[in-house]
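Biologist: Hi! Could you walk me through this one? I'd like to start where the chains meet.

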Amino acid sequence: MPFTSLCEWSRRLSAGEISAVELARLYLERVARYNGRLNAFVHHDEEAILEQAAASDAHRAKHGARALEGLPIAIKDIFCTREGPTQCCSNILRGYQAPYDAHVITLLKEAGAVLFGKTNMDEFAMGSSNETSAFGPCRNPWDAERIPGGSSGGSACAVAAGLAPAALGTDTGGSIRQPASLCGITGLKPTYGRVSRRGIIAFASSLDQAGPMTRSVEDAALLASVLCGHDPADATSVSNVPQIDWKAAVGRQDLKGVRIGRPREYFSEGMDAGVLGCVERALECCQGLGAEIVDISLPHTEAAVATYYVIAPSEASANLARYDGVRFGHRCEQPRDLLDLYTRTRDEGFGPEVKRRILTGTFALSSGYYDAYYLKAQKVRTLIRQDFLRAFEQVDVIATPTSPVTAFRIGEKTNDPLTMYLADVFTIAVNLAGLPALSQPCGFVDGLPVGLQWIAPAWREDRLLSAAAAYEKATDWLSRTPELEAMA
Amino acid sequence: MSWEVVIGLEVHVQVNTKTKAFCGCSTAFGAEPNTQTCPVCLGMPGQLPVLNMDAVTKTVLTGLAIDATINLESRFDRKNYFYPDLPKGYQISQFAIPLVEHGHLDIPVGGGEKRIGITRIHLEEDAGKSLHEGLEGVSHIDLNRSGIPLMEIVSEPDMRSADEAVAYLKQLHQLVRFLDVSDADMEKGQFRCDANVSVRRPGQPFGTRTELKNLNSFRFIKQAIEYEAMRQIELIEDGGKVVQETRLFDSTKGVTRSMRSKEEAHDYRYFPEPDLPPLRLEREQVEQIRRGMPELPAQMRRRFEQEYGLSSYDAEVLTQTRELAAWYESLAAAHPADPKRCANWLANELLGRLKESGRDIVDSPVSAQQLAGLLDRIADNTISGKIAKDVLDAMIESGEDADAIIEARGLKQVTDTTAIDDMIREVMAANPEQVAQYKAGKEKLFGFFVGQVMKASRGKANPAMVNERLKVLLRE
């Protein structure tokens with residue numbers, strides 16, 4: 001039951017087989033039982049959830065069902081919500097109550113969804129393991145000694161462990177896809193500009209994009225159909241782009257005539273052999289469904305991580321300047337003067353990884369270094385974007401591993417930020433190029449999930465969903481669920 | 001050997017849009033602190049800027065008025081620094097590619113004109129205000145101003161004296177008010193100036209400059225530049241060196257004081273604002289803005305000289321503000337017979353009287369139509385110019401029409417020849433001695449007779465007719 005898909009719940013709700021309140025209770029019980037160990041949720045207000053569910057049942061009875069009527073959706077702690085705290089899993093925002101809903105939260109509410117608590121994440125979405133959270137690490141449901149990935153680790157864990165049927169995540173360098181991969185679920189990062197960023201706490205504004213984290217591809221399409229759309233109050237939200245027929249996109253059964261690019265830089269030696277094997281077998285499966293596999297090259301892949309770790313921290317250093325103890329969030333006790341207020345507030349409020357990135361970004365933007373770092377990174381970013389443009393002249397969609405490794409142990413990479421940064425090596429280029437990408441389960445290595453990443457040209461989320469849906473129907477990875485009893 | 005002062009000015013002009021640069025908050029001045037704010041201009045987490053196109057239009061209009069290049073693609077950048085009245089920890093500004101570049105402004109200098117280059121105009125947001133006065137151990141922050149659009153207008157170092165700097169500022173001040181892109185009220189901080197000042201021997205390269213801040217009136221600007229130039233000259237002549245630094249003008253002492261050195265200067269770490277795409281304008285948009293360009297002061301001055309036959313001085317005075325010029329044109333339209341008389345009466349009489357009570361033309365209790373009514377009575381000899389001044393005083397006091405006052409006070413001029421002749425004969429009869437002396441050749445006495453007749457008429461006799469008839473009757 002808890003591993004039922006969003007679409008299936010929607011059908012059962014419509015058929016009257018279950019009420020929204022009953023559905024909410026089902027998951028609330030799961031949370032009560034497993035969250036103590038998994039730490040997927042950092043805020044969960046049972047009363048508020050049941051209230052929303054009851055309101056949804058009433059709405060259905062009176063006016064009929066909306067797109068997400070009665071469906072519980074877990075929310076990454078990065079989305080501002082009027083109800084409950086929005087803390088970005090940082091001490092500097094501990095107890096912060098946002099006075100507004102993020103635009104996508106408004107959309108969820110208008111679609112009848114039940115906001116199902118705030119999920120754990122790396123502090124300010126800076127991390128690939130969920131270990132930088134001020135609320136302690138979230139755990140991987142497949143092995144509680146391991147990380148769930150990050151930064152949307154709590155959302156991935158909640159869906160994988162059946163604590164919620166779906167969740168919202170954000171993806172700046174892989175923060176939806178990498179945890180989806182490591183937890184064995186589906187995660188979609190839409191094209192930059194497809195989803196409004198308004199009310200989502202900014203990490204790196206030119207890279208951040210929100211998206212669904214779900215059990216199935218069809219679920220991702222359902223949630224995306226609600227989240228995507230122009231928001232005039234976000235100047236980077238785009239209006240004049242092709243709209244997606246989300247339902248049609250996931251209807252595909254085969255991959256006849258689809259050219260799938262296999263970028264050699266993503267299948268390099270030194271990768272985990274088990275992961276590589278899973279992805280290769282997935283491509284063979286796609287071939288069996290009629291796809292043509294085309295060897296391609298994305299020559300600037302190697303520079304993606306370095307480029308990202310200049311651009312993202314640079315933007316973050318400015319985005320996080322507002323946490324100064326003056327208007328909201330944490331303020332140090334008894335500041336001696338203005339400088340003391342700033343330095344102590346920020347020293348106490350930010351964790352080590354966030355400080356590292358603020359310092360990196362401040363350095364990269366400093367007079368005398370700007371050209372060598374920020375400007376050069378922007379130029380490489382253009383080259384990376386061009387790599388993809390050229391590749392998509394040859395192929396319809398690109399397939400790669402989502403992560404070079406399966407979930408690693410908690411603490412394994414904490415003291416080695418560079419190795420940690422390399423965990424995002426296959427997801428980062430997509431953000432730099434602003435492209436849509438999706439990760440879905442494609443096998444297991446030693447009982448740990450492996451993710452297959454699909455990348456499409458800008459605004460062609462339909463291609464991702466078609467390919468992923470066809471592959472999903474041809475395999476049965478969705479039927480595998482983690483054994484949680486020991487974690488109760 | 002003489003010294004030359006080199007001055008470049010950075011002027012911050014508040015754009016008079018209804019709402020702020022990047023959110024929908026009101027820009028009205030004088031509201032209770034922090035009542036005109038929203039999550040965007042408070043820098044709350046997750047909030048995003050949306051550009052106010054009205055601010056863009058007004059900046060483009062200003063750019064067109066100074067004959068500048070309008071960059072069809074410009075960009076916004078973040079200027080990073082920490083200050084409590086800067087909510088986001090950065091100011092959205094334009095650094096690498098401003099909206100406007102390469103313009104100029106011609107300023108009056110010693111009877112001629114001098115062209116001052118304008119390097120750029122960029123659009124940015126204002127910060128809030130920190131309030132320290134009257135507070136013990138705390139500061140207060142008012143964020144009503146946070147996010148109000150500013151044009152930063154940066155000149156070339158083309159000015160060579162404090163007077164030129166002031167002339168440039170006055171010209172710019174007049175321009176933005178004519179264009180209605182800013183109210184430019186200096187007391188409200190809507191027109192703020194920083195000056196870059198250096199000195200050199202003529203023909204030598206530029207000297208090291210200092211930046212002067214806190215120059216919030218034309219008078220202070222002149223004082224500060226003159227003080228600073230003298231300070232630099234004396235420093236160099238005493239064997240010292242000018243240090244590049246920012247200096248604050250202390251208006252009570254009339255001196256500049258070091259605020260921060262070059263080493264202490266901020267590194268603003270500018271980088272492109274990722275929340276705003278590049279600002280792209282179509283050529284047609286710019287042309288449409290150009291078509292909406294009002295008449296500029298220089299054009300208007302020329303037209304006033306040609307169309308109304310005014311002296312360049314009068315044209316200058318009457319085009320000081322758009323409101324005054326419009327007032328003059330209504331007056332001239334209502335009293336078309338004599339545009340020069342209109343100019344004299346407006347510039348010398350009405351404005352002078354208003355100024356005495358600290359009022360501006362827009363506060364005038366006498367309308368242009370009413371003043372025209374008064375001038376009509378001068379033209380048709382109902383009253384003399386002298387009497388008219390008294391009538392104007394009464395009009396300002398009561399707001400009544402000239403005719404009503406003339407009627408009520410019986411000020412109507414005597415233009416009847418018989419009546420004037422009677423008065424002249426009476427005066428001659430009363431002053432036989434003077435008549436005899438006049439007739440004997442003492443022609444100086446003519447003025448005496450005029451005065452006596454005017455006195456007898458209590459000022460109401462038409463002076464020209466009195467003159468004419470006196471000449472005739474004294475000769476009899």
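Modeller: Happy to! Let's begin with one pair: the side chains of D275(B) and R197(A) form a salt bridge, at 2.9 Å from N to O. Keep in mind that this is a predicted model.

Biologist: How many salt bridges does the rule find across the interface of chain A and chain B?

Modeller: It finds 1 salt bridge there. As for polar contacts, 13 residue pairs between chain A and chain B count, with both residues at pLDDT 80 or more.

Biologist: Which helices of chain A supply at least two residues each to the side that touches chain B?

Modeller: Those are α10 (304–319), α11 (338–349) and α12 (352–365) of chain A. The largest share comes from α10(A), with 4 residues.

Biologist: And how do the residues on that side of chain A divide into nonpolar, polar and charged?

Modeller: There are 20 nonpolar, 9 polar and 7 charged residues on the side of chain A that touches chain B.

Biologist: What about the area buried between the two chains?

Modeller: About 2700 Å² is buried between chain A and chain B, and carbon and sulfur atoms give 61% of that. On chain A, the trio Y100(A), R322(A) and R327(A) supplies 22% of the area this chain buries against chain B, more than any other three residues. The contact takes 36 residues from chain A and 30 residues from chain B.

Biologist: Nice. Let's move to the sheets. How many strands form the open sheet in chain A, and in what order?

Modeller: In chain A, 11 strands form an open sheet with mixed pairing, in the order β1-β3-β2-β4-β6-β5-β10-β11-β9-β7-β8. Its edge strands are β1 (41–43) and β8 (292–296) of chain A, each of which pairs on one side only. Neighbouring strands in this sheet are turned by 35 degrees against each other on average, with direction ignored.

Biologist: Can we zoom in? How do β10 and β11 of chain A run, parallel or antiparallel?

Modeller: They run antiparallel: 7 bridges join β10 (residues 437–445) to β11 (residues 448–455) in chain A. Within that pairing, F444(A) stands opposite P449(A) in β11(A).

Biologist: Which strands does helix α7 of chain A lie across?

Modeller: Helix α7 (residues 217–227) of chain A lies across β2 (72–76), β4 (166–171), β5 (186–189), β6 (209–214) and β10 of chain A. The helix runs at about 145 degrees to β6(A).

Biologist: Now chain B. What is the strand order in the open sheet there?

Modeller: The order is β2-β6-β7-β10-β1-β11-β12-β13-β14 in chain B, which makes an open sheet of 9 strands with mixed pairing. The edges are β2 (69–70) and β14 (255–261) of chain B, and each pairs on one side only.

Biologist: Which strands pair with β11 in chain B?

Modeller: Strand β1 (residues 4–14) pairs with β11 (residues 191–200) of chain B in the antiparallel sense, over 10 bridges. There, E4(B) stands opposite R200(B). Strand β12 (residues 210–215) of chain B also pairs with β11(B) in the antiparallel sense, over 4 bridges, and V197(B) stands opposite T210(B).

Biologist: So where does the sheet have a parallel pair?

Modeller: One is β12(B) with β13 (residues 245–250) of chain B, joined by 4 bridges. K213(B) has L248(B) as its bridge partner in β13(B).

Biologist: Last one: which strands does helix α2 of chain B lie across?

Modeller: Helix α2 (residues 162–178) lies across β1, β6 (100–109), β7 (112–125), β10 (149–155) and β11 of chain B, at about 115 degrees to β6(B).

Technical notes. Residues numbered from 1 in each chain as written. Chains lettered and ligands numbered in written order. Predicted model: local features only at pLDDT ≥ 70, side-chain atom pairs only at ≥ 80, totals over all residues. Heavy atoms only, no water. Pairing = 2+ DSSP bridges. Contact = heavy atoms within 4.5 Å. Axes fitted to C-alpha atoms, helices over the stretch in contact; angles between N-to-C directions. Buried area = accessible area lost by both parts, 1.4 Å probe. Salt bridge = Lys/Arg side-chain N within 4 Å of Asp/Glu carboxyl O. Polar contact = N/O pair within 3.5 Å; in protein donor to acceptor, adjacent residues only side chain to side chain. Nonpolar A, V, L, I, M, F, W, Y, C, P; charged D, E, K, R; others polar.
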